[in-house]
Amino acid sequence: FSEFLLMGLRLNEGVELGNCHPREGGNPSSFLNLPAFNELQSAGFLTGTPTQFHATPKGRLILNQLVDR
């Protein structure tokens, strides 16, 4: 799942969790750390919604750290 996020965040279109099919099964949005997402969005690293989002120019500089959160 982290590879899917890392690759998706590199794209201008970003990540759409509805297109993700994690090997673990289940709802892809359940793999998203919502408190961390909200914190990263407030800090200006991500923009969008929890189901469709992309990294801002500021966030693209630290993609690996974003995915780790």
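Two residues are in contact when heavy atoms lie within 4.5 Å. Helices (H or I, at least four residues) and strands (E, at least two) are DSSP runs, numbered from the N terminus.

This is a predicted model, in which local features need pLDDT of at least 70, side-chain atom pairs count only at pLDDT 80 or more, and totals for chains, interfaces and linings use all residues. Residues are numbered from 1 along each chain as its sequence is written, and side-chain values use heavy atoms, with hydrogens and water left out.

Of the 69 residues, 33% are buried (under 20% relative accessible area, with exposed over 50% and partly exposed in between; 1.4 Å probe, protein chains only).

Next, select helix α1, residues 2–9, where Leu-5, Leu-6, Gly-8 and Leu-9 are buried. Their cover includes strands β1 (15–16), β2 (46–49) and β3 (52–55), together with helices α3 (57–60) and α4 (63–68).

Move to Phe-37 in helix α2, residues 34–42. Phe-37 has a relative accessible area of 3% and is therefore classed as buried. Leaving aside residues up to four places away in sequence, Phe-37 touches Leu-32, Leu-46, Gly-48, Thr-49, Pro-50 and Phe-53. A distance drawn between the C-alpha atoms of Phe-37 and Thr-49, 12 residues apart along the chain, reads 9.1 Å.

Finally, select Lys-58 and Phe-45: the charged end of Lys-58 sits over the ring of Phe-45, 4.7 Å from its centre (the criterion being NZ of Lys or CZ of Arg within 6 Å of the ring centre and within 35 degrees of the ring normal).
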